[in-house]
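Please look through the sequence and the model before reading on.

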Amino acid sequence: HLHLVESGGDLVRPGGSLRLSCTSKETIEHFAIGWFRQAPGKERDGISCISPSNEITDYTDSVKGRFTISRDSAKNAVYLQMNNLKPEDTAVYYCAAESDYCSGYGYLWGQGTQVTVSS
């Protein structure tokens, strides 16, 4: 059973950067992995997904040019590089397994990591 763990969340000032990591003790190379976020009082929204063949599917335009998803198979990890962070990026960020293609629907979720953007 795949168990995903997110890390890298922190308090950062507007304009700052963070890199979130999604790892597992089990191999994730055959899974599409998506990043999602949930802001206080809002629904969980999709950000981006990377397939087992490293094709990227973006789920929102709101972070285009600022957030980048990537995979490091040697480290069994998927990353979300977040640059030029804004207060509206404040949320709990989750990674999820989406089967073997980017469907937009996660079926195995990590516990989440908090990102707070504030001056």
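This is a predicted model: local features need pLDDT of at least 70, side-chain atom pairs count only at pLDDT 80 or more; totals for chains, interfaces and linings use all residues.

Residues are numbered from 1 along each chain as its sequence is written, and side-chain values use heavy atoms, with hydrogens and water left out.

**Overall fold**

The protein chain contains 11 strands and zero helices; here strands are DSSP runs of E with at least two residues, helices are runs of H or I with at least four, and both are numbered from the N terminus. A compact globule of 119 residues would have a radius of gyration near 14 Å, and the value of 13 Å for the protein chain agrees with this. That radius is taken over C-alpha atoms, and the globule rule is 2.2 Å times the number of residues to the power 0.38. Along the principal axes, the C-alpha atoms fill a box of roughly 40 × 25 × 25 Å. Of the 119 residues, 44% count as buried, where buried means under 20% relative accessible area, exposed over 50%, and partly exposed in between (1.4 Å probe, protein chains only).

**The nonpolar core**

The largest nonpolar core has 26 residues, and Trp35, Phe67, Val78, Leu80, Met82 and Tyr93 are those with the most contacts inside it. Such a core is a set of buried Ala, Val, Leu, Ile, Met, Phe, Trp, Tyr and Cys residues joined through side-chain atoms within 4.5 Å. Strand β9 gives the most to this core, with four residues. Leucine 80 touches, among others, Trp35, Ile47, Phe67 and Tyr93, leaving out residues up to four places away in sequence; contact means heavy atoms within 4.5 Å.

**Two single residues**

Serine 51 lies in the loop between β5 and β6 (56-58), whereas valine 5 belongs to strand β1 (residues 4-7). The table gives their relative accessibility.

| Residue | Relative accessibility | Class |
|---|---|---|
| Serine 51 | 9% | buried |
| Valine 5 | 32% | partly exposed |

Not counting residues up to four places away in sequence, serine 51 touches Phe31, Ala32, Arg71 and Cys102. With its neighbours within four places likewise set aside, valine 5 is in contact with Ser21, Cys22, Thr23 and Gln111. Valine 5 and glycine 112 are 107 residues apart in sequence, and their C-alpha atoms are 7.6 Å apart in space.
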